[in-house]
Structures are given as structure tokens and as C-alpha cells.
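Let's take a friendly walk through the spaces in a protein, one stop at a time. Have the 3D view ready and follow along as you read.

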Amino acid sequence: MKASAPGKIILFGEHAVVYGRPALAVPVTQVHVDAEVSDSPRAGIWIHAPIIDLHAELNSLPPDHAIASVILKVIQRFGISPLPNLDISISSTIPVAAGLGSGAAVSVALIRALSASLSRPMTDDEVNALTYEIEKIHHGTPSGIDNTVITYGKPVYFMKDRPVETFKTGNPFTIVIGDTGIAAPTKESVGDVRRLWIRDQFNLENIFNEIAQIALIGRRSIESGRTEMLGELMDHNHEYLQELTVSSPELDSLVEAARKAGALGAKMSGGGRGGNMIALVDPAKAESVAAALMSAGAKRTIITEVS
Ligand code: PMV
């Protein structure tokens, strides 16, 4: 049984989402994780993940291992005993630790492939809830936006502790993603924003409210097909993220380079300090904006159409 899951980017609302404000995220289908589960002639559950050079039997891995923890959760959930003999292969084109949701995508693809191969069907809501549990093992207190957008594979208007709202795009639009190549743990930037918030709640709450407005207008613009508005919204959202101290010189210079090369707007995306930035572009300018990002130091670019 095979299953796959896309990457994701946050369009608007990162960090503010941790404080109950809405955020928008969209799947990035150009990159994906593929998982395949089949019966094994050998005893045990064998995992093959060449991208991380992993070829091991489940029991030889620590229980909190990124892949083992997913398999153990699924087995536990279905109360399966004795364990079946399985071969599990995982491949991925999603860059790791780059804010593109590679961890959540591994969980979603693997959970789906396992549930199909064990003939225990799961709804999207169940896949989402289980992936969130796994995200919490690895990321502390994630808002849940990654597992949600990756499970449903649609644009998501996300608010913590609220039912999932997916929405449609009135018109497709094109985003160039630029990767700084700097691995920056989201936990740290979230912790730093928490310290700022403790010192100056009034100011931070105001910034979160402004970001919430941007996310709300962003959703309306996307739904009604007035996607040209998104550029300006990105620029504003980036300024607020700078105020929250989660941007970095590298992110700022990629954002600047994208705008100079003709992007309609740009911002960092995700936890910040490193990881990715995104730029809204006219499709005809996508390649030249991507080239400008590479010249400005990006380690990798992805052009994606949100439709
Ligand atoms: O770094 P990413 O793409 O996983 O995004 C983190 C988004 C935050 O809002 C900063 C944290 C969260 O859990 O929502």
C-alpha cells in the first residue's frame, strides 16, 4: 500500500497563531513524502529510508525516533498483536528542517500507508489528530497548523482549538520559496517571542491583532480571486515578524532581493531566523525571481502554484 503527503508553507499568521490568532497555510505539492508498506518475508518491521540512510528493524530504534514513533503510535492505536512482518519504505523530496513540514508529511504518509495495509481505515480527522500527537513528541507545543494543512492537502484557515476550516482559491497564484539553508529550531523563536510577550504583553497583543487582520484579509483575497492583494499583505506581515525579532539578516536580504526582482510582495515563512521566505510573483517572473534569490544567497528555491 502506498500513500503520499505534500509539503506546506505558511502564507500568513505564523507566531500569532500560537496566541490564538488565525493563520493561513497552503500545501506545496511540488515536494512530497511517499510511503509504501508491504508484507515482509522476514520477521519484524523493517524500515528503509535511504534519504536518512536508515535500514533498520523497528525494535532496534529508540521509541522516540521520528519514524519509529509513528509506527508505534499506529500499532498502539489499533491494538495490533502480534506484530505483522512488514517492509516499510519512505522517500521524500521535502527538504528536512526547512519549515516545509517534512516531519508532519512523513507522519501523514506513513499513517495512511499503514492504516491501508492493516485494513484499518482512518478518517482525515483521525489522521490529523494522530499526526498532531506525534508532532508534540518532537516539537514541544506546536499549534497544529502543519499536520492540518498536510493532512487535508488544501489551503487551511487555522485557529488553535477550532474546527478545521479548509477553503478554495478563487484564482491560482504563484509563489517562489527561497531557502536560507540555515536550520533554525522553531522552538527557539517561539520561546523568544514568549519572552518578549511576558515583558510587553500590550505591544505584542497589538502586533498579533494586526497579523490576525492580515490573515483574515488574505483569506478573503484568495477566496475571491483578488490574489494581487496578497503581495502587499505579505510585505506588512513581514514587518510585524521583524518586530517580533524572528526574521534575520539572511531572510531580510532574500525578501529584499525578491522584491527588487519584481515580486509583488515577500515575507519570511514559518518559525523564522532561518528556514524559508516566500514571494508572490507573476508566473512569467517566477524563474527570474528564483534566480535573483539564488544570487542573493538562497540555497534552494521552489516555484509552486497554489490552486
Ligand atoms: O517553522 P514552521 O514552518 O514549522 O512553522 C512554525 C509556525 C509557528 O507559528 C512559529 C509555530 C507554530 O507551532 O505554529
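## An open pocket

Let's begin with the second largest pocket, where helix 3 (124–139) and helix 4 each supply at least two residues of the lining. Keep in mind that this is a predicted model. Which helix gives the largest share of that lining? Helix 3 does, with 3 residues.

The second largest pocket has a volume of about 210 Å³. Its lining is made up of 13 residues, and those closest to its centre are Y132, S143, F158, D161 and R162. Sorted by class, the lining of this pocket holds 5 nonpolar, 5 polar and 3 charged residues. Try to find S143 in the view, for S143 will come up again at the ligand.

## Around the ligand

Now turn to the ligand. There are 15 residues around it, and K8, H15, S143, T186 and G271 come nearest. Three of these names come with a distance to an oxygen atom of the ligand. For S143, an N or O atom of the side chain is 2.5 Å from such an oxygen. For T186, a polar side-chain atom lies 2.8 Å from a ligand oxygen. With G271 the backbone takes part: one of its N or O atoms is 2.9 Å from an oxygen atom of the ligand.

How much of the ligand's accessible area does the protein cover? On its own the ligand has 380 Å² of accessible area, and the protein covers 89% of this.

## Where the shell comes from

Strand 1 (2–12), helix 4 (145–152) and helix 5 (186–199) each supply at least two residues of the shell around the ligand. By class, this shell has 6 nonpolar, 6 polar and 3 charged residues.

## A cavity inside

The last stop is a cavity. The count comes to 1 cavity of 30 Å³ or more, and the largest cavity holds about 60 Å³ of space. Its lining consists of V156, Y157, F158, M159, R162, P163, V164 and E165. Strand 6 (residues 156–158) gives the largest share of this lining, 3 residues.

What classes of residue line the largest cavity? The lining has 6 nonpolar and 2 charged residues, but no polar ones.

Technical notes:
Residues are numbered from 1 along each chain as its sequence is written. This is a predicted model: local features need pLDDT of at least 70, side-chain atom pairs count only at pLDDT 80 or more; totals for chains, interfaces and linings use all residues. Side-chain values use heavy atoms; hydrogens and water are left out. A residue is near a molecule or strand if one of its heavy atoms lies within 4 Å of it. A polar contact is a pair of N or O atoms within 3.5 Å; within protein, one must be able to donate a hydrogen and the other to accept it, and residues adjacent in sequence count only if both atoms are side-chain atoms. Accessible areas come from the Shrake-Rupley method with a 1.4 Å probe; for residues, only the protein chains shown count as cover. Helices (H or I, at least four residues) and strands (E, at least two) are DSSP runs, numbered from the N terminus. Ala, Val, Leu, Ile, Met, Phe, Trp, Tyr, Cys and Pro count as nonpolar, Asp, Glu, Lys and Arg as charged, and the others, Gly among them, as polar. On a 1 Å grid over the protein atoms alone, a cavity is a set of points where a 1.4 Å probe fits but cannot get out, and a pocket is an open set with protein on both sides within 12 Å along at least five of seven lines; lining residues have an atom within 4 Å of a point. Grid points are joined across faces, edges and corners, and a volume is the space filled by probe spheres set on the points.
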